[in-house]
Each structure stands twice: as structure tokens, then as C-alpha cells.
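Take a moment to look over the model before reading on.

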Amino acid sequence: GLNFIDLMVRQGNIDNPPKTPLVPGFECSGIVEALGDSVKGFEIGDRVMAFVNYNAWAEVVCTPVEFVYKIPEDMTFSEAAAFPMNFVTAYMMLFEVANLREGMSVLVHSAGGGVGQAVAQLCSTIPNVTVFGTASSFKHEAIKSSVTHLFDRNADYVQEVKRISADGVDIVLDCLCGENTGKGLSLLKPLGTYILYGSSNMVTGETKSFFSFAKSWWQVEKVNPIKLYEENKVIAGFSLLNLLFKQNRGGLIKGVMDKLLNLYNSKKIKPVVDSLWALEEVKEAMQRIHDRGNIGKLILDVEKAPTPLMANDSTETSEAGEEEEDHEGDNENKERMPFIQ
């Protein structure tokens, strides 16, 4: 699975980035080829999906057994590679951190992305949950049925939400950061929860930008604990990778995966796969996620041959970052095509 965090790792936009040489990637699916001496519950030949602390983008992966889960019979390998990060993140934020219940309302940014689509599906399992979503306009037709109210990412969504729900929302899920932090807090109802789980606004150009980092940091509203107390609001953060690999909560995540697989087997949730890419096409795949062109998850498939490049597939790699989203409507049918320079 290819996630936005992989792009941030590549650019060094994370705390303590790993040293090169490095094989990226945090989730995968495949067939068990070998077992440790004390491993129980799995056999060679089992179809599995797994979390990996880097090194997932490879033909052979080794990871502790606590991070490995069997794939349901009717789930494809590509769906399995799209499942762990997105759905565990969405489930933990909605049910473990924010305590989603019947009749609540949720605002999720990047509603067309992998986590955004997982959030929308999980909200549909609870009665009378209202989902507000923001996304680039070219994605609206494809995802409009998954959310209750959909807004363009460049619109004044605060006013749009308050026009529909004057009191605001119960839960805000923010993967953008920057100025959206203050906007999200302002939209919270009393006893509402704002959760930051990413900072994609720091990624604009092709490389790490000190200006983008400083701008995003400067735009974050300084949180006053007294104000939170007076307004009865909760602010939280969520990092699945830190929870797994630094805070040793693999057992908690195992229980969440069991619940999610039950929902999958009941046909209540299903991972959305945007496109499949050969390992040789990783640059083009990352360009697509950098340009926010995906709906659902991008998958690197080790068995897939590269797609032949055609002259009319060529696009220039833009340094414009966020601004290039304004032009995404010019290419409404963003099919999975290689991007070449």
C-alpha cells in the first residue's frame, strides 16, 4: 500500500527520518513463505496482510507475527494491501478516540482518499451519522454517495457546515493541519473532538520545503487549555505507526482488526483501490498521490509489469503543490496512466 506518509518520509517531512539506503512502505499483503521457530497460528501458504516498520515495498518482507493477519477468502491481495492502514486509522479515531455514537456528525478532510473513504464507510455502520467531507471538485461525482454533504476543498467549508448545522459538528478529522486546525476547533460542538492525524499541507513541491513547513506551523492556532475547558472541547492526535512500533500497542490493534474483518465479512465495509502500479512505476505512483489525484488507495503490485508509456500520457512534474489542485477539474477522468517527464 502507498500512503501519504510515504511521500512525507521521502521528503524528510517527519520527525527523525530514517537513514538511507531505505526500502519504504508500512503495509503489504502476500503469501507466507517462512515462519519463525515459535510462531503459532500461521502456516506456510497462508494468505496474509501485515504492518511493517518500513521495507514493505519489496518482493519478500519479514515482520513480527503480532502485525500479521489472515486475509478473508473473498478479499483480493490488492484489497488486503489497501486495508490495514486506512481502516485501522479510521476505526481508532472514530470509535476509540472520539467515541462515535448514533446521531453524531463528522467532518473529514480529503474525503476521497483512502482514510476518508474508510471513515465514510465506518460512519455508515452507525445509525443517523451525518458526514461532511471536503475534496477536490473532480472527485465529487465519484464519492458523493459516500458522504452526506460534500464541499470543494478550496471553498469556505466552515460557513457551508454552519449553514447546514448551526452548532457545528461532533468530530473533526484533520489530515491537513495549518490553518485548518483553528477552523476545525471553531466548528466543534460542546463535548466535540478534534483529531489531527496528518499534516499534508506541509507537502507542496517535489522536495522538503522549509517555507511550507514554517507556513503550516505558523497558521496552526495556538491552543489555550483554559479555552478548551471553558468551551468543553477536546483536541487529540493520532499516529497509527507510533502506536504500533513505538508504543507497543499491537495487541490493541489486533482486536481492532478482528472487528474490522467482521465488518468486511458482513459486507459492511470494502477497501477502495484507486490503481495498481508496478514497482518500477513507484515514481509515477507517488506523483499521483502528491497531486492528490487518487480516489482510495494506490497499490504497488510486485507481479505487475510496467504499463507501456505513450507520448500523450506525458505530464510535467509541477512544483506548484497545492495550487495545482485548482486545475484538477481540467482532467475529470483521471485514469491510471503513467506520468512521465
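Predicted model: local features only at pLDDT ≥ 70, side-chain atom pairs only at ≥ 80, totals over all residues.

Residues are numbered from 1 along each chain as its sequence is written, and side-chain values use heavy atoms, with hydrogens and water left out.

Start with the cores. In soluble globular proteins, nonpolar side chains tend to be buried together. A nonpolar core here is a set of buried Ala, Val, Leu, Ile, Met, Phe, Trp, Tyr and Cys residues joined through side-chain atoms within 4.5 Å. Buried means under 20% relative accessible area, exposed over 50%, and partly exposed in between (1.4 Å probe, protein chains only). The largest core has 57 residues. Those with the most contacts inside it are F51, F83, L122, L173, I253 and L260. Several elements give two or more residues to this core, among them strand 2 (47-51), helix 4, strand 7 (169-174) and helix 11 (250-265). Helices (H or I, at least four residues) and strands (E, at least two) are DSSP runs, numbered from the N terminus. Helix 3 gives the most to this core: nine residues.

Now zoom in on L173. Which residues does L173 touch, not counting residues up to four places away in sequence? They are M93, L94, V106, L107, V108, H109, V119, I195 and Y197. Contact means heavy atoms within 4.5 Å. There is also a second, separate core of 19 residues, which includes V32, F42, V48 and W57.

On a 1 Å grid over the protein atoms alone, a cavity is a set of points where a 1.4 Å probe fits but cannot get out. A pocket is an open set with protein on both sides within 12 Å along at least five of seven lines. Lining residues have an atom within 4 Å of a point. Grid points are joined across faces, edges and corners, and a volume is the space filled by probe spheres set on the points.

The count comes to one cavity of 30 Å³ or more. About 40 Å³ of space lies in the largest cavity. Its lining includes A82, N86, G114, Q117 and P271. Helix 3 (84-97) and helix 4 (114-123) each give two or more residues to this lining. Helix 4 has the largest share, with four residues.

The second largest pocket has a volume of about 1,000 Å³. Of the 37 residues that line this pocket, C28, S29, G30, I31 and E59 are the closest to its centre. Strand 1 supplies the largest share of the lining, five residues.

Finally, follow the backbone. Most residues other than glycine have a negative phi, and most peptide bonds are trans. A cis peptide bond joins T20 and P21, with omega about 0 degrees. P21 is found in the loop between helix 1 (4-11) and strand 1. N99 has a positive phi of about 55 degrees although it is not a glycine. N99 lies in the loop between helix 3 and strand 4. Is N99 buried or partly exposed? At 42% relative accessibility, N99 counts as partly exposed. N128 also has a positive phi, about 60 degrees, and is not a glycine. N128 sits in the loop between helix 4 and strand 5. N128 counts as exposed because its relative accessibility is 58%.
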